[in-house]
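Student: I have a new structure to look at. Can you show me how to read it, one feature after another?

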Amino acid sequence: MLFIKNVNKLVVSLSPSSTGVGYTEIINKIVNIKNNDIKISSIDIVDDKGTNSKKILLNGIASTRDSLTSYEKEIKIDGFFDSIIFPVSNFIKSTDSEFSATLIYKNK
């Protein structure tokens with residue numbers, strides 16, 4: 001019975017809500033925009049009821065600084081997210097650099 005309760009909670013979390021898109025759509029957007037040189041290690045989504053938005057904390061590894069710059073550019077061009085905090089300039093020109101970014105999606 002515990003398994004069914006957990007599955008039901010997961011289904012509710014991944015489904016679109018009446019106040020905006022679901023987590024699945026956000027995750028798909030992040031993954032579909034990335035290039036092959038970006039590896040996503042975690043995506044944490046926090047609902048902010050006060051601002052009616054979702055804060056997405058993204059962590060990963062970029063094989064090059066250029067691939068990370070390109071990913072940031074593609075996220076901005078796509079226009080799905082309302083705010084992007086992507087400190088690419090902080091990353092040195094090395095291979096396999098870890099990165100983190102914050103994306104904000106405001107429920108429409």
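**Reading the features**

Tutor: Start with the paired strands. Strand β1 (residues 38-48) and strand β2 (residues 53-62) run antiparallel, joined by 10 bridges. Keep in mind that this is a predicted model.

Student: Which residue in β2 stands opposite K39?

Tutor: I61 does. Find K39, then look across to I61 in β2.

Student: How many residues lie between the strands of this hairpin?

Tutor: There are 4 residues between β1 and β2. In this hairpin, N52 takes a positive phi near 55°.

Student: Next, the core. What is the general idea?

Tutor: In soluble globular proteins, nonpolar side chains tend to be buried together. Now the case here. The largest nonpolar core has 21 residues. I26, I30, I56, Y71, F81 and F86 have the most contacts inside it.

Student: Which elements give two or more residues to this core?

Tutor: They are α2 (23-33), β1, β2, α3 (65-78) and β4 (97-106).

Student: Which residues does Y71 touch, not counting those up to four places away in sequence?

Tutor: Y71 touches I30, I33, K34, N35, I38, I40, L58 and F86. Two of these, I30 and F86, are also listed with Y71 for the most contacts inside the core.

Student: Now charges. How should I read a salt bridge?

Tutor: Side chains of opposite charge can pair when their charged atoms come close. This structure holds 3 salt bridges. In one of them, the side chains of D78 and K29 meet at 3.4 Å, N to O.

Student: Which parts does the pair of D78 and K29 tie together?

Tutor: D78 lies in helix α3 and K29 in helix α2, so the pair ties together parts that are 49 residues apart in sequence. D78 is partly exposed, at 34% relative accessibility. K29 is partly exposed too, with a relative accessible area of 25%.

Student: What is the partner of D47 in a salt bridge?

Tutor: K54 is the partner, and the closest N and O atoms are 3.5 Å apart.

Student: Is K54 buried or exposed?

Tutor: K54 counts as buried, because its relative accessibility is 3% and the cut-off for buried is under 20%. D47 counts as partly exposed, at 32%.

Student: How far apart in helix α3 are K76 and E72?

Tutor: They are 4 residues apart, which means a separation of about one helical turn. Their side chains meet in a salt bridge at 3.2 Å, N to O. K76 counts as partly exposed, at 46% relative accessibility. E72 counts as buried, at 15%.

Note on methods. Residues numbered from 1 in each chain as written. Predicted model: local features only at pLDDT ≥ 70, side-chain atom pairs only at ≥ 80, totals over all residues. Heavy atoms only, no water. Pairing = 2+ DSSP bridges. Core = buried A, V, L, I, M, F, W, Y, C linked by side-chain atoms within 4.5 Å. Buried < 20%, exposed > 50% of the residue type's maximum accessible area, 1.4 Å probe, protein only. Contact = heavy atoms within 4.5 Å. Salt bridge = Lys/Arg side-chain N within 4 Å of Asp/Glu carboxyl O.
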